[in-house]
Amino acid sequence: MTTRSLLGSLLMLALLLPGLGLLAGCEQEPPKPNLTGNAESRMPAFSFANLEGEQQASSQWNGKVLVVNYWATWCPPCRKEMPLFIETQQNYADRGVQFVGIAIDDPLMVQDFVDIYAINFPTLIGNADAIRLSNRMGNRFDSLPFTAIFDRQGNTRYIQVGELSREVLERELQPLL
């Protein structure tokens, strides 16, 4: 093999390898943007009023797998994922899973929403402190919906900006049960 043909073969190989890499990646999902920031490693303590005006402290759910969801009645993805949360709360309550909704919204609108959807988990009314809390949980853009999942020891296990799918919720909860 001459030097010229060897160089030609190496050049051809150099051109083909990146193309093969692209083909190998065709079956994978494209990476999704990570809109979450650096969440604290443990759940920050919090207390917000429920719809009856009574303060509800996060400590009452110690020892449970806690799913904290920030939402609003005017947020379409929030409304879309709510039936999944209601169903999952019902199915997993006896296994130590507790959903807590923190609504960034008008309490009267939230009450109507809770009544219509028959929400079966605590719904708290958030304010500027709730938004700051969501930032500490990893919500760097103040986005809704935003969900954080904590294990029984209060360690942050999963955070997501945007609508949470059934598949992801199940995948994240199963190891914590």
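In the predicted model, L176 lies in the segment that follows α5. With a relative accessibility of 8%, L176 falls under the 20% limit and therefore counts as buried. Leaving aside neighbours within four places in sequence, the contacts of L176 are V65, I149, D151, R152 and R157. One of these residues, R157, is 19 residues from L176 along the chain, and the C-alpha atoms of the two are separated by 8.9 Å.

The sheet consists of five strands and is open, with the order β5-β4-β3-β6-β7 and mixed pairing. The edge positions are taken by β5 (123-125) and β7 (156-161); each has a single partner strand, so one side of each is left without a neighbour in the sheet. From one strand to the next, the twist averages 15°. Strands β4 and β5 run parallel and are joined by three bridges. In β5, T123 is the bridge partner of G101.

Two helices that pack on the sheet are described here. Helix α3 touches β3, β4 and β5, and its direction makes about 170° with that of β5. Helix α5 touches β3, β4, β6 (146-150) and β7, and the angle between its direction and that of β7 is about 170°.

Nonpolar side chains tend to be buried together in soluble globular proteins. In the present model, the largest nonpolar core contains 27 residues, of which W71, M82, F85, I119, I149 and L169 touch the most other members. At least two residues of this core are supplied by each of β3 (65-71), α2 (76-92), β4 (97-103), α3 (107-117) and α5 (166-173). The largest share, six residues, comes from α2. For M82, the contacts beyond four places in sequence are N69, W71, F113, I119 and F121.

When residues up to four places away in sequence are not counted, N50 touches Q56, T123, L124 and I125. Among these, T123 is the residue of β5 that is bridged to G101.

One disulfide is found in a search of the whole structure. A disulfide is a covalent bond between the sulfur atoms of two cysteines. The pair concerned is C75 and C78, whose sulfur atoms are 2.3 Å apart. The torsion about the S-S bond of C75 and C78 is about 75°, and the disulfide is therefore right-handed. Both cysteines are buried: C75 has a relative accessibility of 3%, and C78 has a relative accessible area of 0%.

Note on methods. Residues are numbered from 1 along each chain as its sequence is written. This is a predicted model: local features need pLDDT of at least 70, side-chain atom pairs count only at pLDDT 80 or more; totals for chains, interfaces and linings use all residues. Side-chain values use heavy atoms; hydrogens and water are left out. A nonpolar core is a set of buried Ala, Val, Leu, Ile, Met, Phe, Trp, Tyr and Cys residues joined through side-chain atoms within 4.5 Å. Buried means under 20% relative accessible area, exposed over 50%, partly exposed in between (1.4 Å probe, protein chains only). Helices (H or I, at least four residues) and strands (E, at least two) are DSSP runs, numbered from the N terminus. Contact means heavy atoms within 4.5 Å. Two strands pair if DSSP finds at least two bridges between them. Axes are lines fitted to C-alpha atoms, for helices over the stretch in contact, and angles run from 0 to 180 degrees between N-to-C directions. A disulfide is a pair of cysteine sulfur atoms within 2.5 Å.
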